[in-house]
Amino acid sequence: MIDFIVVGAGISGCSIAYFLNKHKHTVKLYDHNGISNFGSKAAGAFLSPMIGKPNRFKDFTNDALKYSINFYDNLASDLITHSKVQR
């Protein structure tokens, strides 16, 4: 029995499927072009922290960026190349 069906294997679909599976749900992931074949591959889940006065959105974006970097480091650090722009 499948608990969830995720349509679209871009960064969002893959992330949702990953976390559902991590929490013991059975997930079926569908994408007619394969995993991360179009926009996600080009963008790489790019987050752009806002510059300027502190605000809730800037804090959220910065926290999400830190989380994403740690997530990818823990998942596949051998596939990640860090640059000064990232950190």
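Lys 24 sits in the loop that links α1 (11-22) to β2 (27-30), where helices (H or I, at least four residues) and strands (E, at least two) are DSSP runs numbered from the N terminus. This is a predicted model, in which local features need pLDDT of at least 70 and side-chain atom pairs count only at pLDDT 80 or more, while totals for chains, interfaces and linings use all residues. Residues are numbered from 1 along each chain as its sequence is written, and side-chain values use heavy atoms, with hydrogens and water left out.

- Lys 24 has a positive phi of about 70 degrees, although it is not a glycine.
- For background, most residues other than glycine have a negative phi.
- Lys 24 is exposed, with a relative accessible area of 74%; exposed means over 50%, buried under 20%, and partly exposed in between (1.4 Å probe, protein chains only).

**Asp 3 and its partners**

- Asp 3 belongs to the segment before β1, and its relative accessibility of 39% makes it partly exposed.
- Setting aside neighbours within four places in sequence, Asp 3 is in contact with Lys 24, His 25 and Thr 26, contact meaning heavy atoms within 4.5 Å.
- The side chain of Asp 3 reaches the backbone nitrogen of Thr 26 at 2.8 Å.
- Asp 3 and Leu 20 are 17 residues apart in sequence, and their C-alpha atoms are 9.1 Å apart in space.

- Ile 2, Ile 5, Val 7 and Tyr 30 make a nonpolar surface patch of about 430 Å².
- Patches are made of residues with over 30% relative accessible area and no salt bridge, with nonpolar side chains (Val, Leu, Ile, Met, Phe, Trp, Tyr) joined within 5 Å and like charges within 9 Å.
- A salt bridge here is a side-chain nitrogen of Lys or Arg within 4 Å of a carboxyl oxygen of Asp or Glu.
- One of the patch residues, Val 7, is found in strand β1 (residues 4-7) and is exposed, at 71% relative accessible area.

**The chain as a whole**

- The chain has three helices and two strands, which follow the pattern β-α-β-α-α along the sequence.
- Of its 87 residues, 15% count as buried.
- The accessible surface of the chain is about 7,100 Å², with 61% belonging to carbon and sulfur atoms; areas come from the Shrake-Rupley method with a 1.4 Å probe, and for residues only the protein chains shown count as cover.
- Among contacts in the chain with a separation of 6 or more, 28% are between residues 24 or more positions apart.

Methods: A polar contact is a pair of N or O atoms within 3.5 Å; within protein, one must be able to donate a hydrogen and the other to accept it, and residues adjacent in sequence count only if both atoms are side-chain atoms.
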